[in-house]
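Please look over the sequence and the model below.

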Amino acid sequence: MEALDFKEIQPLRDMTGLLELARLIAQVGGPKKVAVAAAEEAHVIEAVNEARIEGLVHPILFGNPERIRRIASELGIRTQNLEIRHAKNPAEAAELATQAVSSGEADILMKGMVQSSDFLRAALNREWGLRTGRLLSHVLIYEAKGYDRLFFMSDGAMNINPDLKAKIQIVENAVTLAHVLGVNPPKVALLAAVEVVNPEMDTAVEDAIIAKMADRGQIKGAVIDGPLALDNAVSEEAARIKGIKSPVAGKADILIVDNIDVGNVFYKSLIYFARVRGAGLIMGARAPMVLTSRADPEEVKFLSLATAVIAAERLPYVHEAV
């Protein structure tokens with residue numbers, strides 16, 4: 001197939017378009033290699049096998065080979081199609097998977113049945129990890145009925161109670177992923193319970209500081225405003241009723257929450273009550289990292305892999321343009 005240039009892409013507006021782009025990237029350049037740490041989990045094996053069948057990835061599964069093969073067999077998956085490598089325990093599996101990515105053997109790192117602390121300890125190892133000096137943060141991408149665009153939400157999985165400095169990097173990581181998916185410049189809403197700067201509410205004050213920093217060019221690549229309540233961040237009608245005049249109000253692409261409690265409930269409400277199609281990536285490392293909850297549906301893991309395929313292809317272009 002003739003080589004295609006993926007430096008510039010049109011904004012992706014739904015998960016169908018995201019999956020189509022991931023397929024095209026894999027068709028042109030071949031599947032990306034994904035190193036899975038502690039792959040002894042049914043949803044993980046299902047997701048990586050589906051991505052393998054789609055031609056998106058070549059999975060390298062680190063863990064207990066006997067257990068991986070047994071789970072795959074129970075799922076009706078032929079283990080001959082899976083590359084399986086021995087690790088004596090989940091922590092070692094995380095180390096070996098990370099080393100495969102840091103050495104360039106693999107393009108994507110994925111968490112399986114390993115504690116997040118062990119997974120991240122390996123990913124951030126000073127000698128062979130994926131450090132860049134930036135904060136790691138999780139970004140959820142999802143589609144919502146009635147909207148003509150994908151939404152991004154951060155951070156509901158990594159940073160517990162980020163301070164102002166950390167929040168700025170969370171914003172920047174989410175903006176980077178939006179650029180990866182063709183949304184440039186994204187509109188960023190800094191969420192709070194109110195849309196006014198209340199000196200007694202730390203969230204509102206920090207949001208106002210970040211918004212002013214963006215106005216002064218200290219945060220680039222996005223249009224940022226806050227504090228904004230969720231309704232007037234995503235509903236132009238709500239913004240009109242409340243008299244809010246802002247280029248972000250009602251038109252937000254990225255929603256930034258104040259802490260992990262808000263983000264985690266937001267994320268799980270979308271998945272379990274709204275049944276949205278969603279995906280997630282850890283941003284801020286040298287390579288895309290797929291870190292999903294052990295209870296996440298297989299589709300979330302599969303779509304996260306598809307997003308990682310796009311990120312693995314597009315991140316060098318995005319970083320070059322910044």
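Predicted model: local features only at pLDDT ≥ 70, side-chain atom pairs only at ≥ 80, totals over all residues.

Gly 182 follows helix H6 and has a positive phi, near 85 degrees. H6 covers residues 164-180, and its 17 residues should span 24 Å at 1.5 Å a residue; the end C-alpha atoms are 25 Å apart, which agrees. At the start of the helix, a side-chain oxygen of Asp 163 comes to within 3.3 Å of the backbone nitrogen of Lys 165. H6 is mostly covered, with 14 of its 17 residues buried, where buried means a relative accessible area under 20%.

The UniProt record, an unreviewed entry, places the feature "domain: Phosphate acetyl/butaryl transferase" at residues 92-301. In the model, the span 92-301 is 38% helix and 18% strand, and its end C-alpha atoms lie 22 Å apart.

Next come the charged pairs. How many salt bridges does the structure hold? The number is 17. One of them joins Arg 23 and Glu 54, whose closest N and O atoms are 2.8 Å apart. This pair links distant parts of the chain, 31 residues apart: Arg 23 sits in helix H1 (residues 15-29), while Glu 54 is in the loop between helix H2 (42-53) and strand S2 (57-63). Arg 23 has a relative accessible area of 29% and is therefore partly exposed; Glu 54, at 30%, also counts as partly exposed.

Another salt bridge is formed by Glu 83 and Arg 85, with 2.7 Å between the closest N and O atoms. Glu 83 has a relative accessible area of 27%, so Glu 83 is partly exposed. Arg 85 is partly exposed as well, at 26%.

The side chains of Asp 231 and Lys 242 also meet in a salt bridge, at 3.0 Å from N to O. Asp 231 belongs to helix H8 (residues 230-234) and Lys 242 to the loop between helix H9 (236-241) and strand S9 (254-256), so this pair ties together parts that are eleven residues apart in sequence. For Asp 231 the relative accessible area is 33%, which means partly exposed, and for Lys 242 the value is 40%, again partly exposed.

Conventions: Residues numbered from 1 in each chain as written. Heavy atoms only, no water. Helix = DSSP H or I, 4+ residues; strand = E, 2+ residues; numbered from the N terminus. Expected span 1.5 Å × (residues − 1). Buried < 20%, exposed > 50% of the residue type's maximum accessible area, 1.4 Å probe, protein only. Polar contact = N/O pair within 3.5 Å; in protein donor to acceptor, adjacent residues only side chain to side chain. UniProt positions renumbered as here; feature names shortened; annotations may be inferred. Salt bridge = Lys/Arg side-chain N within 4 Å of Asp/Glu carboxyl O.
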